[in-house]
Amino acid sequence: MAQLPPCEQGAVQSLFDNDLALFLTFRAACIEQFEHDFRLAAALLAAQQDRAALVRLAHSLKGVLHTLGHTEIGALAHGLQVQAERADWAELQGQWTALRLRLVAAFGLDLAA
Amino acid sequence: MCHLLQNTPMNNTNNPVDMSSGAYFTTLEVAKMLGMAVRSVQLMVDRGDLQAWKTPGGHRRITRDSLERWIKGSRAGVTGVAAMHGGATLRPSGRRRHSVHVPRVLLIEDSVHFQNLVSSLVRQRFEGVELHVSADAIAGLVSFGHLQPDLIIVDILLPGMDGATLIAGLRSHALFGNCKLIVLTALDAAQREPYAHALQDVAVVHKPRLVQDLPPLIEAAMGHLLDDRSAEASPITPPALVAGGAVASAPAKAAKAASKAKAAVATEARPQPANG
């Protein structure tokens, strides 16, 4: 527990009823899934066609990040979700890059995507 | 023991996609999805209401796109159609019947993250429950017709169909019967406003509070089935074998779930799941 950042410790206590095992199981599954999310985002941004899919991806990440206690990064995901409906693709690429970097840093990801 | 059946993982690009999430459906699948007779679906195809092609053996294969367009365009909703054309023949209870009833939950959720979390929770806390997962609205409707679950847990924002339309369709589906409904969402109260009508009298769980709020609602919706099963179950219960899905088991914490069911339901969730 002490190895978790404070925001995640808070989530264990306030959102997971102190069920650390369940939290860690969920966190590990999320890290595995982030790799697929990164690939999907890269594909969507490259194709520049399916805004709805990008909205859903950002929406999913927002919910996940809030559940894991990372509300600040979750706000970035929410921003991307809102902007994905209308902003130009270059701007969305920038927002995604910022979100991705925060995810990599927060979860110690080592992803090529 | 909890049986987890992953039907259509969506944004996990490594997972295979089954026919339910493919580009085409059989007439039987569409009939079950819409709560209609197979013949009615065949007539819809012949009238041009649904687009389809035929296999060399003469079987219709209905396009997913045309089905989505038809559902979206149906002001009567999914069930109004069943009423118009005559729904599937039901048992008096409107429910499937087994010698030993296996409590069955259908999760319709496109986020693999939350598929994982709900699966973990159910596996951990609800012994004997069979969990099926569909990753979009259309696949969910297909699975609903096939499975006739006791409880549906559905996300609002889904690919393939507006969540409000899906919920309204499910609740008035000819096969809905006594099935319970719980909605999951990451939307806050203000963002849910466009869905207010569909969410009326429905238990809603805000996703960040899922671990706290969902188990008591599942317990409230299915507790009687779990109790019945405990009473009927033999000391050694073999795992269910269901085609097309993985079967997993895990230590049960039914007692924990029962105690949590008595806990106060948080502000995001209403106390009772809605009946159809």
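Predicted model: local features only at pLDDT ≥ 70, side-chain atom pairs only at ≥ 80, totals over all residues.

Reply: What covers the buried residues of H4(A) includes H3 and helix H5 (89-107) of chain A.

Me: Which residues of H4(A) are buried?

Reply: The buried ones in H4(A) are A:Ile73, A:Gly74, A:Leu76, A:Ala77, A:His78, A:Leu80 and A:Gln81.

Me: What span should the 13 residues of H4(A) have, and what is the distance between its end C-alpha atoms?

Reply: At 1.5 Å a residue, H4(A) should span 18 Å, and its end C-alpha atoms are 18 Å apart, so the two agree.

Me: Take A:Leu76. Where does it lie?

Reply: A:Leu76 is in helix H4 of chain A, which covers residues 71-83. A:Leu76 counts as buried because 22 other C-beta atoms lie within 10 Å, and the cut-off for buried is 20 or more.

Me: What does A:Leu76 touch, leaving out residues up to four places away in sequence?

Reply: With those left out, A:Leu76 touches A:Ala98, A:Leu99 and A:Arg102.

Me: And how far is A:Leu76 from A:Lys62?

Reply: Their C-alpha atoms are separated by 7.9 Å, and the two residues are 14 apart along the chain.

Me: Change of topic: the chains. How many residues does each put into the contact?

Reply: Chain A puts in 23 residues and chain B 21 residues. On the side of chain A that touches chain B, the elements giving two or more residues are helix H2 (20-47) and helix H3 (51-67) of chain A.

Me: Which gives the most to that side?

Reply: H2(A) does, with 10 residues. By type, the residues on the side of chain A that touches chain B are 9 nonpolar, 8 polar and 6 charged.

Me: Now the backbone. What is the phi of A:Gln48?

Reply: A:Gln48 has a positive phi of about 55°, although it is not a glycine. A:Gln48 sits in the loop between H2 and H3 of chain A.

Me: Why is A:Gln48 classed as partly exposed?

Reply: Because A:Gln48 has 13 other C-beta atoms within 10 Å.

Me: And B:Asp201, what is its phi?

Reply: B:Asp201 is not a glycine either, and its phi is positive, about 65°. B:Asp201 lies in the loop between helix H8 (196-199) and strand S9 (203-206) of chain B.

Me: Is B:Asp201 buried or exposed?

Reply: B:Asp201 is exposed, with 11 other C-beta atoms within 10 Å.

Note on methods. Residues numbered from 1 in each chain as written. Chains lettered and ligands numbered in written order. Contact = placed C-beta atoms within 7 Å. Helix = DSSP H or I, 4+ residues; strand = E, 2+ residues; numbered from the N terminus. Nonpolar A, V, L, I, M, F, W, Y, C, P; charged D, E, K, R; others polar. Buried ≥ 20, exposed ≤ 12 C-beta atoms within 10 Å, placed from the backbone. Expected span 1.5 Å × (residues − 1).
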